[in-house]
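Thanks for coming. I will go through one structure, starting with a helix and then turning to charges and backbone angles.

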Amino acid sequence: MLALISTILAQLTGDGEAGLSAIGAGLGYGLAAIGPGVGIGIVVGNAITAMARQPESAGVARTTMFLGIAFTEALALIGFVVFILLLP
Amino acid sequence: MSKRLWAAAAVVVAAVALSASAASAAETVGSCILDEIAAAEFEGIEGDGFTAAKNLKTAYEAKVEGAEELKKDFEKDLEGCLEAPNPIIPEVTEIIWGGAAFIVLLALMKWKLFPVVKNLMEQRTQRIQDAIDDADRQRAEAAEVKANYEAELADAKAEAARIVDEAREQAGAVRADLQARAEADIAEMRERAAADVEASKRQAIADLQSEVSDIALGAAEAVLGRSLEDPEMQRQLVDDYIASVGAGQD
Amino acid sequence: MNVFALDFPPVSQLFNWPDFLFTDTPVALNKTGLIYIAALLLTAGLFWAAGRRRSLVPTGAQTVAEAGIDFVENSIIMQTIGPDGRRYLPFLTTLFFFVFFSNIFEVVPFIQFPANSRMAIPLALALVVWAIYHVVGIRAQGFYHYFKGALFPPGVPKALYILVAPIELLQILLIRPLSLAIRLWANMVAGHLLLVTFAVLSAALWGTLYVPAVLPFAALILLTAFEIFVSALQAFIFTILTAVYIGGSLHPEH
């Protein structure tokens, strides 16, 4: 019975296409995460340098750091959305 | 936290948990496909449900006419089970519930709940500020009182010193005065005494002179016996004599 | 979907909940709607409890509510808008707590679903924020000056305006609300997927090999803690971005 269902499913999803779109989704998300990963690293690293140099303005630096992370992260999240949309 | 709040939270949690179990019992892709197959019926194919599906498969493999069409229709039905709504597309009912919840919350917060808490915080801030101000004021007052007291103390000390000085001065003046007066008295007494002595001396001399002259006169009278009739001449004689004696003595 | 011969539920099924009340009407209620109502009740209850007891030294609910207000006022409004942003304190506090409570159900046992992993509230709130910062900008600067300041930021060479103005227009009309909504939504979806993945993995390994199940389970515990942090962080970022947009509309760049 389960075998029947899985064969039907396999036929329905049309193996080749589904596989390709899964590969595309995975690759797309992986590629989309590279830039923001580097970007967030730069943002946080510089924010820490700023905080270490001027501990009295750490509050402002932290707020701005979170803003920068949020903006950079948006790119990765768009990649994630594409990933979700492409999943079979 | 109040009991009523706990009760409300418990009701909410129970409701959500119930809905979770209801959802977990919901249809999955597999059960959907099973239901679909169980209800399968095909024109020209024998049986219904799983038998019909099996017969359709054999018919399709045997390339029976019309079987391909039937299979395609069946596949479309089954695909319906896979077609879940895209997760990025919002659901209207959820927007309505969520939006209503947020608007109700915003209204409640803006006009009822938030001002109370904020006022509470501001009152406390004000209270603490007042207390600090009050303490500052009291400290300033105390400092002022202390300064006044110290100034008064210094005044009093100066006054005391002044009084002592004055007294000392006065005492000095009095002493000088007394001393001067005493010296003056003494000098006066001494002068008077000296004058007295002088006067007494002079008196004594005078007395003595007259006495001596009387005695000498008497003695001479006694000796001469009334030889010198004229007393006035006698006296003159004696005085001259005494004067010559006195001059000789000096 | 089969992953390592594990029966992994399809992604859409992790987020779609059947209606159980008023089914087939526009006000059909499902688990997501219930979580929103729970977030409403929790926030309202928190502030009601905080306002009821008037002790000098705050305890319990009062501490949480006052710390929240203080945080929104000093760490968000003062850093981004300035003192004239205090008008928006009730709105931003409500936003923060509502988003946070909707998120935190991700890790509450037996519920374990972040309501913001449905696109409903992120999108609705993003549209509200979109409307608010436009209205604030037009009221503070006037229609002409607001859009001129937004589309033609000063300090850019004149020739570049051909490039900058359309991008800025797209930015304030489309990219800002969409990125706001997608940021919150995608973070919550990703978090929920992570937790589900490790939970399914733990369950499957426990059913077959027993001992190795310890590893995904440990990861699950760590991720649960991480998701608590993410819930708070996303609420904070949603609120601070709202404040940044409002501040940008209120004070034109010089």
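Let me begin with helix 4 of chain C, which has 16 residues and reaches 22 Å from its first C-alpha to its last. That is close to the 22 Å expected at 1.5 Å a residue, where the expected span is 1.5 Å times one less than the number of residues. Helices here are DSSP runs of H or I with at least four residues, and strands are runs of E with at least two, numbered from the N terminus. Helix 4 of chain C is mostly covered, with 15 of its 16 residues buried. Buried means under 20% relative accessible area, exposed means over 50%, and partly exposed is in between, with a 1.4 Å probe and protein chains only.

Some ground rules. This is a predicted model, in which local features need pLDDT of at least 70, side-chain atom pairs count only at pLDDT 80 or more, and totals for chains, interfaces and linings use all residues. Residues are numbered from 1 along each chain as its sequence is written, chains are lettered from A and ligands numbered from 1 in the order in which they are written, and side-chain values use heavy atoms, leaving out hydrogens and water.

Next, the loop between helix 4 (89–104) and helix 5 (120–141) of chain C, where C:Phe110 lies. Phi of C:Phe110 is near 75 degrees, a positive value in a residue other than glycine. C:Gln112 is found in the loop between helix 4 and helix 5 of chain C as well, and its phi is also positive, at about 45 degrees, although it is not a glycine. For context, most residues other than glycine have a negative phi. C:Phe110 is exposed, because its relative accessible area is 68%, while C:Gln112 counts as partly exposed at 44%.

Now the salt bridges. How many does the structure hold over all chains? There are 13, a salt bridge being a side-chain nitrogen of Lys or Arg within 4 Å of a carboxyl oxygen of Asp or Glu.

One of them joins C:Glu66 to B:Arg124, with the closest N and O atoms 2.2 Å apart. This pair crosses between chains, from helix 3 (residues 61–80) of chain C to helix 5 (residues 92–224) of chain B. Are its two partners buried or exposed? C:Glu66 is buried, at 6% relative accessible area, and B:Arg124 counts as buried at 13%.

An α-helix has 3.6 residues a turn, so residues three or four places apart point the same way. B:Arg162 is partly exposed at 40%, as is B:Glu159 at 36%. B:Asp177 counts as partly exposed at 39%, and B:Arg181 does at 48%.

There is also a network of salt bridges linking B:Glu91, B:Glu94 and C:Arg118.

B:Glu69 is in helix 4 (residues 67–82) of chain B and counts as exposed, because its relative accessibility is 59%.
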